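User: Hi! I'd like to go through this one with you, if you have a moment.
Analyst: Happy to, let's have a look.

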Amino acid sequence: MSGSNLNKPLISPSLSSPKLPDFKQSVKLKYVKLGYHYLITHGMCLFLTPLFVLTAAQLSTFSLQDLHDLWDHLRFNLISVVLCSTLLVFLSTLYFLTRPRPVYLVDFSCYKPEDARKTTRQVFMKCSHSIGTFTGENLEFQRKILERSGLGESTYLPEAVIRVPPNPCMAEARKEAEMVMYGALDQLFEKTFIKPKDIGILVLNCSLFNPTPSLSAMVINHYKLRGNIISYNLGGMGCSAGLISIDLAKDLLQVHPNTYALVISMENITLNWYFGNDRSMLVSNCLFRMGGAAMLLSNNRHDRRRSKYQLVHTVRTHKGADDKCFSCVTQKEDPAGKIGVSLSKDLMTVAGDALKTNITTSGPLVLPMSEQLLFFATLVGTWEKAFQDEGEALHPRFQIGF
């Protein structure tokens with residue numbers, strides 16, 4: 001054999017087997033995953049259906065004599081039949097008595113102030129300039145924050161803040177609270193056709209304005225709610241107070257059957273407007289506006305059909321033990337003695353960490369079992385090549401849980 005033939009391949013490239021197709025690209029992987037989720041989610045039905053068919057087929061072969069023999073067998077084993085029936089009734093009763101009561105969101109309403117309270121960005125800057133307490137640098141700072149805040153041209157502020165000169169006092173703060181609370185509640189009662197006397201639970205939250213009598217007492221007095229109403233007034237709990245109120249109302253509805261719960265979430269601006277030059281406190285002036293919402297919850301099953309949503313899960317994570325989380329939002333005085341709400345630079349980091357914790361906690365509650373198994377298998381690397389594309393982040397797909 002000559003030396004030139006040694007460099008030639010034994011099999012010609014033209015005669016070699018063609019390259020196998022990339023099945024990962026040719027097969028729609030999303031349909032494979034979809035079929036997998038259907039299989040796991042409806043696995044019990046797929047398992048019980050053949051058993052049901054076989055049982056029905058077996059029963060169809062029974063004759064009258066077979067049924068008579070079965071009845072004689074049960075009649076001579078009366079004690080066993082009675083014990084099994086009693087156990088079945090006891091377990092069924094225990095299940096229906098201990099299962100959690102459903103909680104429905106019957107309806108809600110959001111308060112919209114009158115047009116006279118509308119504050120555009122131009123009006124906001126004009127009022128801030130007219131007050132005369134802000135420096136030129138801080139006026140420019142507020143303008144930049146306002147442009148980046150995402151607020152539109154149809155936000156609202158109370159009269160005591162936008163008038164010149166401002167008039168922040170207790171009377172104006174109560175006036176703002178009454179406008180927001182009663183405005184939202186009047187709309188809610190009109191939409192739901194519920195009488196105020198039918199309300200059994202009242203939960204109200206307002207973080208920074210907590211007068212005496214309380215805001216919840218003002219609602220009870222205005223609408224003449226019944227004397228045995230269960231009332232709570234939450235304060236100082238920040239932006240999460242609305243969710244905390246709903247969680248509290250949900251827990252109360254578990255122990256009070258056939259009850260309506262009224263949840264009011266609001267904030268008061270009048271006494272919490274900052275007139276100093278500390279930039280950490282000026283941010284709240286640019287972000288918070290006038291408004292509130294009222295929600296009607298019910299555990300009466302007759303309200304299921306007319307309700308908008310059903311409350312299934314609530315998840316709470318308290319980060320107060322962490323000093324950084326504890327001090328990210330603080331009401332205090334500046335060096336000039338003016339009171340305001342200081343927002344630290346760690347606020348977004350703290351909020352993101354709390355959100356991450358809540359999502360991790362809610363994952364097992366909302367994700368179907370198929371996605372949980374798939375995520376666990378991917379996590380340990382068993383099915384990584386089969387179900388995860390290269391470069392895809394290792395996280396469950398929450399979109400299929402809702």
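User: How much space lies in the second largest cavity?
Analyst: The second largest cavity holds about 50 Å³ of space. Keep in mind that this is a predicted model.

User: And how many cavities does a search of the whole structure find?
Analyst: Three cavities of 30 Å³ or more turn up in that search.

User: Which element gives the most?
Analyst: That is α7, with four residues in the lining.

User: Nice. How many of the lining residues are nonpolar, polar or charged?
Analyst: Eight are nonpolar and one is polar, while none is charged.

User: Changing topic, how confident is the prediction? What is the mean pLDDT?
Analyst: The protein chain has a mean pLDDT of 83, and 82% of its residues reach 70 or more. Over residues 8-17, though, the pLDDT is below 50, and that stretch has one contact in the model beyond near neighbours in sequence. Residues 20-27 also have pLDDT below 50, with five contacts beyond near neighbours in sequence. Where pLDDT is low, the predicted coordinates should not be read in detail.

User: Good to know. On to the strands: in what sense do β4 and β5 pair, parallel or antiparallel?
Analyst: Strand β4 (residues 199-206) and strand β5 (residues 230-234) pair in the parallel sense, over five bridges.

User: Which helix makes a β-α-β unit with them?
Analyst: Helix α11 (residues 215-223) does, and the β-α-β unit is right-handed.

User: Now the backbone. Where are the cis peptide bonds you've spotted?
Analyst: One joins V164 and P165, with omega about -5 degrees. P165 sits in the loop between α9 and α10 (170-192). Another cis peptide bond joins T212 and P213, again with omega about -5 degrees. P213 belongs to the loop between β4 and α11, and those two elements are part of the right-handed unit with β5.

User: What about F193, is its phi positive or negative?
Analyst: Positive: phi of F193 is near 60 degrees, and this residue is not a glycine. F193 is found in the loop between α10 and β4.

User: Why point out these backbone features?
Analyst: Because most residues other than glycine have a negative phi, and most peptide bonds are trans.

Note on methods. Residues numbered from 1 in each chain as written. Predicted model: local features only at pLDDT ≥ 70, side-chain atom pairs only at ≥ 80, totals over all residues. Heavy atoms only, no water. Pairing = 2+ DSSP bridges. Right-handed = clockwise from strand over helix to strand, strands pointing away. pLDDT = per-residue confidence, 0-100. Contact = heavy atoms within 4.5 Å. 1 Å grid on protein atoms, 1.4 Å probe; cavity = no way out; pocket = protein on both sides within 12 Å on 5 of 7 lines; lining within 4 Å. Points joined across faces, edges and corners; volume = space filled by probe spheres on them. Nonpolar A, V, L, I, M, F, W, Y, C, P; charged D, E, K, R; others polar.
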